[in-house]
Structures are given as C-alpha cells and as structure tokens.
Amino acid sequence: MSGSSSRMGRSLLLLAPLFLFLMGFFVWPLFSMMSQAVSDPAVLRLLPRTAEIMGDWDRESPPSMPMQTALMEDLKAVDDDQALGDMVRRLNSARSGFRTLMSKTTSALGDAASPPPDLVSIDKRWEKPEFWIAIADALSPLTDRNLLAAVDLGRNSAGAIEHLPADQSVNRVILVRTFWIAALVTFFCACIGFPYAIIAASLTGWKRDLMLAAVLLPLWTSLLVRTAAWFILLQEQGLINDFLRAIGLIDAPLALIFNRTGVIIAMTHVLLPFMVLPIYSVLITIPKNLMPAAASLGAPPIRAFLRVLLPLSLRGVASGGLLVFISAIGYYITPALIGGPGDQMISSIIAFYATGSANWGMAGALGMVLLVATLLLYSVYARLSSDEPGRR
Amino acid sequence: MAEFIKFDRITKFYGPLCVVENLDLSIAKGEFVSLLGPSGSGKTTLLMMLAGFEQATSGKILLDGAAINDVPTHKRDMGVVFQSYALFPHMTVGENIAFPLQMRGIDKAETAARVKQALDMVQLSTLADRRPSQLSGGQQQRVALARALVFEPRVVLMDEPLGALDKQLREQMQLDIRELHRRLGLTIVFVTHDQSEALTMSDRVAVFNKGKIEQIGTPRQVYDEPATRFVAEFIGETNLVEGVVEAIEGREATVRLPNGAQIVSAVSDGVAAGQGVYLSIRPERIDLAEARGAARNVLETEVTDSVYQGDHLRVQLQNEAYPLIAKLGRRSREFAPGTKVFAAFSAGDCRVIAP
C-alpha cells in the first residue's frame, strides 16, 4: 500500500512542473482576464460608507439623510483624482448628467467656508432616485455591463436589458464579420484541402513526402513572414497582378489587398495545413481496397466517392474544419496587415481595448464571447463525432 | 471447350519488371479455375487485369467473345472477393450487400428480397443490421461473398479470400464455396498460393511460376502428371531423382539412375532416349519391404530415420546415390534406423520430367 502511494507521489511530482506551468501561464491569466470582464470594484473602493448604508435602500423612495451624509463623507475622503474620474465616467455612462452633477457636488464639498448640510441643497437632482440607482448598481463588485456591451446590449435606467443605440453598436457587426470570414476561410480550406489530402494519401514514397512537406513548410515559417509575403504578392504592383497583366488576362490591376479578398486568400493559405493534416490522417486509415471494391460492385467513380470515400473521411473534414474555424476567429495579424478597415476582426477590437484604451473589462468580455463560441462549436463537434458511424 | 474468358497473349510490365509474360488462358462458362503459384508469380496481377484494376501492357482479354481491355471495372459485371474482405465499414451488413443492387438501380422491394436471399445463402440472416466491425473474420468473409454474388455477376473473382482465416474455418469455407459453385453454376476464378486449397475446390488448376503458366489441368493431372519440376515440387511433396533415359516404349520410359539401377516410369511426349531427366516419385506411393517383392521398380535402400506423424509414418531413406522419403499408411510397422529395406513402386507411380 505504501509502495503504491509513494509511486503515486512520485508521479505527481513529475507532473508538478506541467501543472504549475499551466496554472501560472494559462489558468490564472485566463481566470483573471475573465474576472476583469465581470468585476468592477472601483466605485465600491471609493464609497465604502455609502455601500454600507445603501444595502437597505428599496431603490424607490427618495434618498434618506444618512445616505446623503455617507456619500458626502466618502466624496470628501477621496484623494485619488484618477479613481474619481473613473467612477464619474462609469456613473455618467449609466446615467447621463452625472458628470456635471458630480463636478458641481465635489466643488461644493471642497468649499471649506460654507459646508453644505446635505446633497439636495447642492443640487436638486440628488432628490431623484435614478441617480442613486446608478450609484447602487455601480457599487456592486460584479457587473454584466462589459458582457452585455460585448454583444451591443446594455441596461436602461430601469435595469432591463435593451439594445445599445446604433452609434454604439459596433461589436455585433464585427462579431458577425469575424464568424463570416472564419466560415469562408473554413469553406475554402475544405475545398482546397480535401482534394489535396486525397491526392497525398493516394501517393507513395517521395511524392507523398513532397506533398506533405509543401503543406508543412509554411507551418514552420513565422506567421508574420508568411503574411508579409502575401503583402508582396497581392499588392497592385505585386507578382500576381504583374503576371496576370503580362499574360493579358486583365488590363487594370485587381484589388487584392486591403480588402476582404486578400484577407481570405492569406488566411486560407496560412490555415490550410490544419485542414489537410486531419483529413490526411483519416484518409490513410481507410483501407486501400474499398474504392476498387466499390468499382467492382458496379459503382462509377463519382458514386463510389460519394457513397464510400466521402462518408468515411467526413470525420477528418469535420475536425479539420473545426481547427481552421477556431483558429480563424482568433486571427489578428493577417487582417490587420492585409485587410482594410472593414475587415478587422474581433481580435483587433480586443487588442484595441487591451493595449489601446486599457479597458481590460471589455477586452475580457469580448474574449469570453469568443471562448464561449469556441466551446459551443467544440461541444457540437464532440456530439457529432461520438455518433459517428463505422467506429467501434 | 467453350471459351467464356480468354486471355490472349497477355503481357504486363511494372516498370522494367515483367510480371506476366505472353500468357494464354481460356476458361469455360461455369468452370472453377484456380490460379496457383508462389507470391510474385503473376497470378494476382492476372486477376486484377481481369477485374479491370490493372491494364495489360499488351494482349487482349476477351469475355464472351468481346474484348474488355478498355471496359472500366464498374461496367465489367464481375464480383470480386478480396483477401481483406473490403467491406464498407460505415454500412451495415445489409447495406453492404444492397450496395451493388442500388448501383444497378434495382427498386427497393426487390433489393430487400435479394439481400435477404443472399444473407440466407451464407447463413447470416440474423446479422443484417450489424456493422462489419462487429463480425468475426469468417462472418465478414461470408458477407463479402454474399455481396459479390448478390448481383449475379457474370464471373466471380476471388483473391486469396480465405488467407486470413484459421485452418478449420478455411476448410469449412472451401467446402461452402465449392457447394455454391455447383449449386449456382458460377464461373469462378480463384487465386491462391495454397496447393491443397486449389486441389480441393477447382475444376482446373493453373500453376503459375515467374509470370508464366507451368501447367494447367485437373487437380488429378497436376498432382499425378506434373509437367515440370516446378509443378512436381510446388504441389505436394515429391522425390526427385536424376537419371538418363535409355529407351521409350509407348507411354513408358526406362531410366538409368546414377547408381546403375533401372526404373520403368510413365512419360509424356517431348522426352527422347539419351536425355538427362528427373524422376518424380510421390512419397505416399512408395512401399517398403525387407524382401525384394514382385513390383516393377525396386530400389535397395537403408532407413536413416522414421517419424510417426499420426496419420502416416514418414521414413527417410538413403542409398549410395540419392535420398528418398516414403510416407506409409498408419497401419505400417515401424522401421528402425539402419534397417536395409527395398523401396517398391509401380511404373505408373513415378513420372519422367524433362529438366
């Protein structure tokens, strides 16, 4: 018994580096990014006394005296202008007019000569429950604001979920565009990758090695280098346009770069190995004599393909398609370099929030939307492949 | 004999390698012909050419008088049974058998009826909804057989179909296929490297070696009257003794062995007096006795070893010139090593083979 438990202990020890690595560099960052998306303790930190008293408030009656006093004391105690600015911005986005109200209030509170007795005496608006509701909502350490905003939803003053106005609704368009581009890339990868894998699997010796190397070689090249190469190929004076003009097929250069066409061409090329390899690995397990058998039973080549080879290789196409699609929805560099402004995908928006505007909450929320979409797709795939016929 | 299938001077090269050389072969309707030979002798290639999987480099293949060289496989109407079964793993047993009928556009009701009939024929009626992976090897082979027969093909081709089965099952399947052949009047071309399988099942056996047919004949002919040294050695076990023909009288030849002994043996055409030849003597045709008997051929030998093998006694003999092996029936007495014995056999039990 002690022998087996010490062996268990040793194997756990061997697993420890991997476990620690995963915890430190995958699970923890993922978790903290996720929690950024739903947590917002900034207001709570600034207004601890108000938070204590407002827990009993019914959200309808006019603000009581202790609430006003607590808020005044909290506001007086604030010494971090940056945090105050963040709080005002957040309150203002929930209830417009908060910015002027707050600046008026803070300057009145800062007037040491004649301290106001209560908030209502500074501004009549402090009588309205709406402003207090905004504070109450902002006090909660958890928020669904980012998650809702990620899909262009928000809460109105009554707390009900509704669509954001059109001028703020950009995420959903970009999400739909992301999925559409990913779907197109998956489709083209399947169209090119399936026949390619069939040919590679039917060859032997150096020809097969050559075909697989041709797929793998781009995979071993840096993504940036490959994208830059497409940049050179696709531009107006690039190799492709020059060639097409030289053979007289076109008169004016085709617009291949800084648009959707270029993005899809480059992404299809970059992601092709992820389609070819799973299909290939399924194809080589299919016995070689099935197609001759189908022919001998009277099936013309196309019917033999549709009835025998296609159903047997669908599992490879599905896993290849899933790999390509999931990789494609996270693409960032290629659309950024090859695409135009109308081809930016959701990753660019995440990068903008994360590095451009330091809005980690929105970046996390959009990341979460991507993650959920990926998990959903994967569960569909897992369900389909477990029902796959012809497997033991 | 009516020529249903005819190979007319077929040659097949793989690159510089000649696998079938200038081969002629005719098969009659309803006949069961085995192509027997070691691996690499060209028998499977010939079958693949008949099925349409391979193209002959030169020569013609005729089916019922019409050249089929350029007819694609799916229009040849031949049922093929593969060594590895080649069942479609994503279809049930029933769907596998229905496949050739669907390809021929046969309506659903008749397809169902014929699938059921085919399953009954191979005694698998209860397994129609299983997948091939859920069946044993023997059951899979029977499904493959049913699938190849259900569309009533003009010819059934079998490429070592029993090679993957264990001995008992293989022997049962041999008898089953033989029975089907007789009952349905099928024309079957059967490739095998197992000589006992070929002898058990065939009307005629074609013995292949190095891309050529060494001999074609009934099982009895190829066993009892081997035309070449290769056939004599490949089919069954035999004693080969060198000698020189002294005289030929009708169907019999007198051969002098190196130690001076004279043997009278059956002979076929093409052997002349004075020629150096081999004598083939089947071990089970040799009798051993301690006294010289009245048989036409008697050789003085000495027992070097004897091994009891259940159904027969295998005795190794040696004289001053050549070794011999004799297989004696189980009622035979034992022979101790060193015993002087006389090996006796009739003229019809040995055969002159031109080298």
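Trainee: A polar contact is a pair of N or O atoms within 3.5 Å, and within protein one atom must be able to donate a hydrogen and the other to accept it. With that in mind, how many residue pairs are in polar contact between chain A and chain B?

Mentor: Please keep in mind that this is a predicted model. Between chain A and chain B there are four residue pairs in polar contact, with both residues at pLDDT 80 or more.

Trainee: And how many salt bridges are there between chain A and chain B?

Mentor: The count of salt bridges between chain A and chain B is zero.

Trainee: How many residues does each chain bring to the contact?

Mentor: Chain A contributes 20 residues and chain B contributes 22 residues. Together the two chains bury about 2000 Å², and carbon and sulfur atoms account for 66% of that area.

Trainee: Which three residues of chain A supply more of its buried area than any other three?

Mentor: They are Ser296(A), Leu297(A) and Arg307(A), which provide 34% of the area that chain A buries against chain B. In terms of helices, α14 (290–296) and α15 (301–329) of chain A each give at least two residues to the side that touches chain B. By class, that side of chain A has 13 nonpolar, four polar and three charged residues.

Trainee: Now to chain A by itself. What domains does it have?

Mentor: The domain assignment divides chain A into domain 1 (1–39), domain 2 (42–141) and domain 3 (171–386).

Trainee: How many residues of domain 1 of chain A are in contact with domain 3 of chain A?

Mentor: Five residues of domain 1 of chain A are in contact with seven residues of domain 3 of chain A. The centres of these two domains, taken over C-alpha atoms, are separated by 33 Å. The area buried between them is about 540 Å², of which 87% comes from carbon and sulfur atoms. Met33(A), Met34(A) and Ala37(A) supply 75% of what domain 1 of chain A buries there, more than any other three residues.

Trainee: Switching to chain B: what domains does it have?

Mentor: Chain B is assigned domain 1 (5–228) and domain 2 (237–353). Seven residues of domain 1 of chain B and six residues of domain 2 of chain B take part in their contact.

Trainee: How much area do domain 1 and domain 2 of chain B bury?

Mentor: They bury about 550 Å² between them, 45% of it on carbon and sulfur atoms. Tyr223(B), Asp224(B) and Pro226(B) supply 73% of the area that domain 1 of chain B buries against domain 2, more than any other three residues.

Trainee: Which side chains meet in a salt bridge?

Mentor: The rule finds one salt bridge across the interface of domain 1 and domain 2 of chain B. The side chains of Asp224(B) and Arg285(B) meet in a salt bridge, at 3.1 Å from N to O.

Trainee: One last topic. Is Glu152(B) buried or exposed?

Mentor: Glu152(B) has 62% relative accessibility, so it counts as exposed. Glu152(B) sits in the loop between α4 (137–149) and β7 (155–159) of chain B, and its phi is near 50 degrees, a positive value in a residue other than glycine.

Note on methods:
Residues are numbered from 1 along each chain as its sequence is written. Chains are lettered from A and ligands numbered from 1 in the order in which they are written. This is a predicted model: local features need pLDDT of at least 70, side-chain atom pairs count only at pLDDT 80 or more; totals for chains, interfaces and linings use all residues. Side-chain values use heavy atoms; hydrogens and water are left out. Domain bounds come from an automatic or database domain assignment. Contact means heavy atoms within 4.5 Å. Buried area is the accessible area (1.4 Å probe) that two parts lose on being put together, summed over both. A salt bridge is a side-chain nitrogen of Lys or Arg within 4 Å of a carboxyl oxygen of Asp or Glu. A polar contact is a pair of N or O atoms within 3.5 Å; within protein, one must be able to donate a hydrogen and the other to accept it, and residues adjacent in sequence count only if both atoms are side-chain atoms. Helices (H or I, at least four residues) and strands (E, at least two) are DSSP runs, numbered from the N terminus. Ala, Val, Leu, Ile, Met, Phe, Trp, Tyr, Cys and Pro count as nonpolar, Asp, Glu, Lys and Arg as charged, and the others, Gly among them, as polar. Buried means under 20% relative accessible area, exposed over 50%, partly exposed in between (1.4 Å probe, protein chains only).
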